[in-house]
Amino acid sequence: MSAPEIRKKLEVMRERLVRDLIDQGILKSEHVIRAFRRVPREEFVMPMMRLYAYYDTPLQTMHDQTISAPHMCAMMCELLELKPGMKVLEVGTGSGYHAALCAEAVAPSDAPKESWGKVISIEIVPELVRYAIENLTRTGYIDRVEVVYGDGGEGYPPEAPYDAILVTAAAPRIPPPLIEQLRPGGKLVIPVRGRFFGEQILYLVEKLPDGRVKKTPVTYVAFVEMRGKYAEGTA
Ligand code: SAH
């Protein structure tokens with residue numbers, strides 16, 4: 001197959017995946033659907049994995065880390081109710097794919113830049129910071145995503161408060177700085193490890209307008225472990 005044929009095939013597969021996720025009731029809102037139609041997942045996976053980019057499964061990236069399955073990215077974006085203009089914090093940049101999806105949802109490529117929101121994404125592995133920056137630059141999202149090297153368990157105070165926070169590595173508990181850096185009315189999604197069996201549960205955490213915090217378990221998930229200050233044994 002020639003390069004243009006491969007590109008065409010990937011576009012067809014991308015559209016088929018989007019339709020499947022809509023049929024399954026996972027993709028719902030116009031902004032998240034647009035993001036899935038526009039962001040090329042094949043640019044965020046290892047070259048030999050390109051033809052698998054639109055299988056709804058996690059894929060291996062560098063340093064034993066994985067890029068989450070599309071349905072998991074979709075579910076998290078929908079729980080956060082991403083819309084243009086929002087400021088989003090991601091903990092765990094990895095390949096940069098999920099950050100690009102969030103960026104397209106809060107800062108649509110064809111909308112005026114004055115209306116754009118932005119994404120700050122923190123990554124603890126320096127090589128992955130570089131890898132994500134390369135991928136986001138090649139796909140044109142680096143103007144809406146700031147990749148920061150550091151321990152995302154501490155959040156990123158210089159840009160707080162955030163309308164939405166997503167954590168893509170599992171922690172034994174919800175790092176308190178993340179709740180502090182959420183704007184009242186804002187939402188956080190995070191996989192939290194159960195105390196007895198090591199199972200992971202995705203939580204939706206809402207900071208209500210009066211400052212109270214509401215935590216709702218959503219589903220079982222399988223993410224890589226969070227490192228840093230809030231990793232196992234240090235929390
Ligand atoms: N969102 C990514 C997938 C993330 S995999 C994507 O779309 O590809 C989880 C990532 O979290 C890994 O890259 C891992 O290095 C990172 N990570 C783990 N603990 C972290 C921490 N405390 N702060 C920031 N990043 C962390």
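**Figure 1. Elements around the ligand in the predicted model.** Strand E2 (66-67), strand E3 (87-91), helix H4 (97-106) and strand E4 (118-123) each supply at least two residues of the shell around the ligand. Helices (H or I, at least four residues) and strands (E, at least two) are DSSP runs, numbered from the N terminus. The ligand is surrounded by 24 residues, the closest being Ser 95, Glu 123, Asp 151, Gly 152 and Arg 227. The shell comprises ten nonpolar, ten polar and four charged residues. Here Ala, Val, Leu, Ile, Met, Phe, Trp, Tyr, Cys and Pro count as nonpolar, Asp, Glu, Lys and Arg as charged, and the others, Gly among them, as polar.

This is a predicted model: local features need pLDDT of at least 70, side-chain atom pairs count only at pLDDT 80 or more, and totals for chains, interfaces and linings use all residues. Residues are numbered from 1 along each chain as its sequence is written, and side-chain values use heavy atoms, with hydrogens and water left out.

Figure 2. An oxygen atom of the ligand lies 2.6 Å from a polar side-chain atom of Glu 123. A backbone N or O atom of Gly 152 is 2.8 Å from a nitrogen atom of the ligand. For a polar backbone atom of Ile 124, the distance to a ligand nitrogen atom is 3.3 Å. Alone, the ligand exposes 580 Å², and the protein buries 99% of that (Shrake-Rupley method, 1.4 Å probe).

**Figure 3. The largest pocket.** The ligand sits in this largest pocket (more than half of its atoms lie within 2 Å of the grid points). The largest pocket holds about 550 Å³ of space. Of its 37 lining residues, Thr 66, Gly 92, Thr 168, Ala 169 and Val 224 are the closest to its centre. A pocket is an open set of points on a 1 Å grid over the protein atoms alone, where a 1.4 Å probe fits, with protein on both sides within 12 Å along at least five of seven lines; lining residues have an atom within 4 Å of a point. H3 gives the most to the lining of the largest pocket, with three residues.

**Figure 4. The largest cavity.** A cavity is a set of points where the probe fits but cannot get out. About 30 Å³ of space lies in the largest cavity. Its lining includes Arg 14, Phe 36 and Tyr 97. Helix H1 (residues 3-23) contributes the most to this lining, with three residues.

Technical notes: Near = heavy atom within 4 Å. Polar contact = N/O pair within 3.5 Å; in protein donor to acceptor, adjacent residues only side chain to side chain. Points joined across faces, edges and corners; volume = space filled by probe spheres on them.
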